[in-house]
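The headings below take up one topic at a time.

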Number of protein chains: 4
Amino acid sequence: MNTLGNLFKITTCGESHGGAIAVIIDGAPPNISISAEEIQQELDRRRPGQSSLTTPRHERDQVHLLSGIFEGKTTGTPILLLAYNEDMRPEDYQALKNLYRPSHADITYEKKYGFRDFRGGGRASARETWARVAAGAIAKKYLQQQFQIEILSYVQQVGTLCSTIDPNTVSREAIERHPLRCPDERIVPQMTDLIHAVQEEGDSLGGVIQGVLRGVPAGLGAPVFDKLSADLGKAMLGINAVKGFEIGSGFAGASLRGSQHNDSFFLKDGKIAYATNHAGGILGGISTGENILFRVAFKPVSTIAKEQKTLTIDHQEVSLRAQGRHDPCVLPRAVPIVDAMAALVLMDHCLLQKAQNL
Amino acid sequence: MNTLGNLFKITTCGESHGGAIAVIIDGAPPNISISAEEIQQELDRRRPGQSSLTTPRHERDQVHLLSGIFEGKTTGTPILLLAYNEDMRPEDYQALKNLYRPSHADITYEKKYGFRDFRGGGRASARETWARVAAGAIAKKYLQQQFQIEILSYVQQVGTLCSTIDPNTVSREAIERHPLRCPDERIVPQMTDLIHAVQEEGDSLGGVIQGVLRGVPAGLGAPVFDKLSADLGKAMLGINAVKGFEIGSGFAGASLRGSQHNDSFFLKDGKIAYATNHAGGILGGISTGENILFRVAFKPVSTIAKEQKTLTIDHQEVSLRAQGRHDPCVLPRAVPIVDAMAALVLMDHCLLQKAQNL
Amino acid sequence: MNTLGNLFKITTCGESHGGAIAVIIDGAPPNISISAEEIQQELDRRRPGQSSLTTPRHERDQVHLLSGIFEGKTTGTPILLLAYNEDMRPEDYQALKNLYRPSHADITYEKKYGFRDFRGGGRASARETWARVAAGAIAKKYLQQQFQIEILSYVQQVGTLCSTIDPNTVSREAIERHPLRCPDERIVPQMTDLIHAVQEEGDSLGGVIQGVLRGVPAGLGAPVFDKLSADLGKAMLGINAVKGFEIGSGFAGASLRGSQHNDSFFLKDGKIAYATNHAGGILGGISTGENILFRVAFKPVSTIAKEQKTLTIDHQEVSLRAQGRHDPCVLPRAVPIVDAMAALVLMDHCLLQKAQNL
Amino acid sequence: MNTLGNLFKITTCGESHGGAIAVIIDGAPPNISISAEEIQQELDRRRPGQSSLTTPRHERDQVHLLSGIFEGKTTGTPILLLAYNEDMRPEDYQALKNLYRPSHADITYEKKYGFRDFRGGGRASARETWARVAAGAIAKKYLQQQFQIEILSYVQQVGTLCSTIDPNTVSREAIERHPLRCPDERIVPQMTDLIHAVQEEGDSLGGVIQGVLRGVPAGLGAPVFDKLSADLGKAMLGINAVKGFEIGSGFAGASLRGSQHNDSFFLKDGKIAYATNHAGGILGGISTGENILFRVAFKPVSTIAKEQKTLTIDHQEVSLRAQGRHDPCVLPRAVPIVDAMAALVLMDHCLLQKAQNL
């Protein structure tokens, strides 16, 4: 269904080319200070057309606050955030009406619903992530205010180019310094050149986003199905184009021995500290209080300007080449989406922990 | 909480050393033929003490069917499956009562609940997975009977040793041929030797399990949060010791170009077929009908027989060395758990698809 | 929270005097034909200002379809229906800002949220029911098309005046003939006179709505918590001003003997039929296939034009007398809300029954 | 499905004549002191065979605590409570195997599941309520310890005989003084005589249970669907044989004018108090802090020892007369079930209120 969360519950709606994209946020505690400007600021990080590195499509994507916020504060009742769809050019999609684009959801969407929303992919469009970023802005504000939790993510890999910067010390300023949202100044020029080159070729690039959550109190998460790592994983794997998720040591940890991987304890200023953090801040599904570290793999975007062969719904072979709106690398714009998903998961677990402990 | 699923909903309970481990399965359609023997057969694949490769701890783990099954068939009402805890030696845990084992959930469990279940980890114990395998056996049976869905997984990597066998063609017989549950006969001897050597050293190994789901009908899953890939990811990341999950091309896919990664269509026997399957059988969160391929990374088990330094709850430094029950490699026994989790996720999505389509 | 249903799930938002009232409907099967006009028609039955019998407040309450419907059909994705708030005169509420209106939710709302939404009651306003009627229109359409289910309700009692008409044979035409929505022509003039007289006095009236659901297939509902009767009861008790709910024989049935109350079977045209229907169409929580009959008790509306003494938030005694917008009897406008709630409950159970049966 | 609650979630299982009746309680906060004796004490109030007024069927119904409780306290993990089925005489049911008992769920159960559990009604058996009372005992303990909430209910009406005692002042001692669980000593002898007389005739009686919840903090419940009154109503309507529910003024309130029904405020010891409580302790779906007062109507039990005509599954007319186990009036044993359901609903709303408020 279209709902995420149990206590801080968001329900999104809206197709790429319908009337609007919207989200109802149910369960936001009353009295959180939040303004349209704060939400818009996060949304602008996700907005198409920010720089030469992303899609040139322009959307203002202005947020409208239609319920649940009164005199600058949440009221405890459900919050409706909405953006009207503009820049709709349905004629752009006429050409696609009768064919299946390779590696798009056209064919599976049709199998599921017995119906084809050819107008930009319907719900499969990444436009839906607007709603997640809008809702995430409120979660982020609460987590920051109540617990000083800091949520950051950045582009760590583009194609085969990798940054080796330490996620534990990275700052939001460093991330936002360049439109690429990679805080590693040594590799940014190479990544930028690569993206421009691939764009010229009409092709696209994948990559990896690194996330770090600082200041998360110990005790969030559950020992069985609803491990904090499992809920983060589901949230990230629910983002379009994501093919992999790892926490802490991840796939590399599978090659280590127990004696290497175990994070030993020591005393630091009279408190228990961890010598290493292979766990990635989560042990047995529950937060340790250390930084939560995770990585998210994105495949290259499917829409390319290179000619591809494909099939029509009537099984005819045709040639396809994206017109105009080709985005060579979605990663910079995916950063605020990763942030938002992390905020939504943490928010839900924070409220659950409040409910269930004496 | 302790529930997985929406329409085929399992709720598990039981600590490592309480009275019993149990599961209530709610939402199983009536009239599925299932016997205690069939469930036990899956449970025996997970049972400790199967071979020299796993923990020597012995548990019969016999399943008791206490409700929801009548005259060999499900009744449509909730099914209670239960195993009494035997082989409990609480005295084994007295030594652990006041210390935090490195990379175990002892410390986070205590932070969450304000309470310490020192008897083998309480709910953090992998003993809880008994309940998942028991429930999964019923899901597997239904999926096989109704849709001829085949669910397989196997050990693909142990430490740094990798099998390169093709998951598309592997058989259950090949997997079960060796207690290691790796179908690649060329690498099994090396893996076995490695496990025995590491066991001698008192250390442990991680690895990777490859899963393949065959015959899944197209149309399962949803385009937004509840992507089939996201639900599989959450299910796998909810297994103890799992640090990573990838679907299809996964992390490797992040390095490819769009023109390489896109799976093109062609006609085969008058039907649309996929030339490659980088998607791993799921496009836009919805199954394509192709094989679903995923990989799950396990860290090395934290309990080792090597001496480790750690801290007591009173912040004293102590030495720790596991006595007796050391399991050098959990992967062979994790295979039926991966199978079960995949079955539970597919089952839930199958019922949802039945509900929501005309 | 603000969600009703499990498979046909509606989430509503919007305060009386915020930007909009809206509902997201998640889980509507694809391919249901539905137009804005059909939804508006149900909404117009609920609209204030329809006749001299209700509040003179005017709201156009026009529905906007912003997602999930394409070319006149549901797409299977979430549907957003929205009405902008008009006719807002916040100045009307300034006088109420600092006092507690008797038998309104002002005081409990403040206790819950630590916050006062004095603008017409916030979420406690009956304006929220717009969203339920809008969503119910889609459920009603589906139930009618797929199962020929007919959902009717009507005003059976106003103050102490009762209709004795047979709910089994009443028609929608008879109900809609008079703005009072009572199909009993003998009692309508007395009821109308009573309402006008009470309105003159500045007072208000309660009453009872009778519901009848025809053509509901046998087998809907569940034997334990989610009895169809329990879900109907929750839905009706969730309507503002409702103080009681009964199914079939209801409170009167408590005085009967088992030998009187038991509904015996007989053969009719070779099929099993029920000689009586004290059960009200539901046995053991599951529909029998007979007409489902229930009654809903409404207290008199709390806003009256008579002078009442009350207290301010600073504990000062003050006099209060409603200005202008006094509604002597909400029952006629509550009829479409009862219809909608019944439709939403049946819809959810129909989809569940589809999911869980072979 | 078979789950009640969102944060304090109970899932029940077990048929009348399967292996066991059980409940998993998920979401109980850690550190609640609770013993098997305390739970058993509540269960004994529900137990068949307590007095000459109820069914002579004997069940020990001993509770087994199989998880989630350690050293006399809840651990925060799921609690399994279980009773084995004894006193099973399946041969008693052979006679019923092929016929539909009037006003039992035999026929609807079969329509739903395509299957007949003739062994005492399967899940439709009131035996399932064992699980609710067991779970309710833990909720009651928590509510009493944390909030001094007192949950009471009693038999107010049997057949046409009514008690007029004031629910606001009744005590548990007065209720438990007589096995009838009616605290009104003037009417108890008449009620007792009536029950014995009806039992002689082989017939059965319905009646009404009055509930009163004292000390419930203001602010529980929600303004829309999840009104506290709506959740109490659903819980009560989910009890077998319940045909009606009313809160506060209930159906009688429908005949009053607004000026009569409105509960006015006054100052008492410097605090705001309510002059009357027609609301029944809930305004706009949210608790006021006043006593919560509700009534539950039970139909006469369907199993009677009088001869009745009915039909077999093959449409043959047959005569039916209950053998042995005839219960003339279920109300005394329903009292602890009403208590339990009220406790479960309050518990869930208490935890939700903790989660959602700053």
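## Where chains C and D meet

In this model, 86 residues of chain C are in contact with 86 residues of chain D, where contact asks that two C-beta atoms, placed from the backbone, lie within 7 Å. On the side of chain C that touches chain D, helix α7 (residues 228-237) of chain C gives the largest share, six residues. Sorted by class, that side of chain C holds 35 nonpolar, 35 polar and 16 charged residues. Here Ala, Val, Leu, Ile, Met, Phe, Trp, Tyr, Cys and Pro count as nonpolar, Asp, Glu, Lys and Arg as charged, and the others, Gly among them, as polar.

Strands also join across these two chains: β12 (residues 242-247) of chain C and β11 (residues 242-247) of chain D run antiparallel and are linked by three bridges. Strands pair if DSSP finds at least two bridges between them. One place to look is Gly244(C), whose bridge partner in β11(D) is Glu246(D).

## How the model is read

This is a predicted model, in which local features need pLDDT of at least 70 and side-chain atom pairs count only at pLDDT 80 or more, while totals for chains, interfaces and linings use all residues. Residues are numbered from 1 along each chain as its sequence is written, and chains are lettered from A and ligands numbered from 1 in the order in which they are written.

## How the copies are related

## Where chains A and C meet

Chain A and chain C each bring 32 residues to their contact. On the side of chain A that touches chain C, β2 (9-13), β3 (20-26) and β4 (64-67) of chain A each supply at least two residues. The largest share, four residues, comes from β3(A). By class, that side of chain A has twelve nonpolar, 15 polar and five charged residues.

## Chain A as a whole

Chain A has ten helices and 19 strands, counted as DSSP runs from the N terminus (helices H or I, at least four residues; strands E, at least two). Its radius of gyration is 21 Å, close to the 21 Å from the globule rule for 358 residues, so chain A is as compact as a globular protein of that length. The radius is taken over C-alpha atoms, and the rule is 2.2 Å times the number of residues to the power 0.38.

## A covered helix in chain B

Is helix α3 (residues 106-113) of chain B mostly covered or mostly open? It is mostly covered, with six of its eight residues buried, that is, with 20 or more other C-beta atoms within 10 Å of their own, placed from the backbone. Among the buried residues are Ile107(B), Tyr109(B) and Tyr113(B). Their cover includes β15 (282-283) and β16 (286-287) of chain A, together with β8 (99-100) of chain B.

Terms used
A residue is buried if 20 or more other C-beta atoms lie within 10 Å of its own, exposed if 12 or fewer, and partly exposed in between; C-beta atoms are placed from the backbone.
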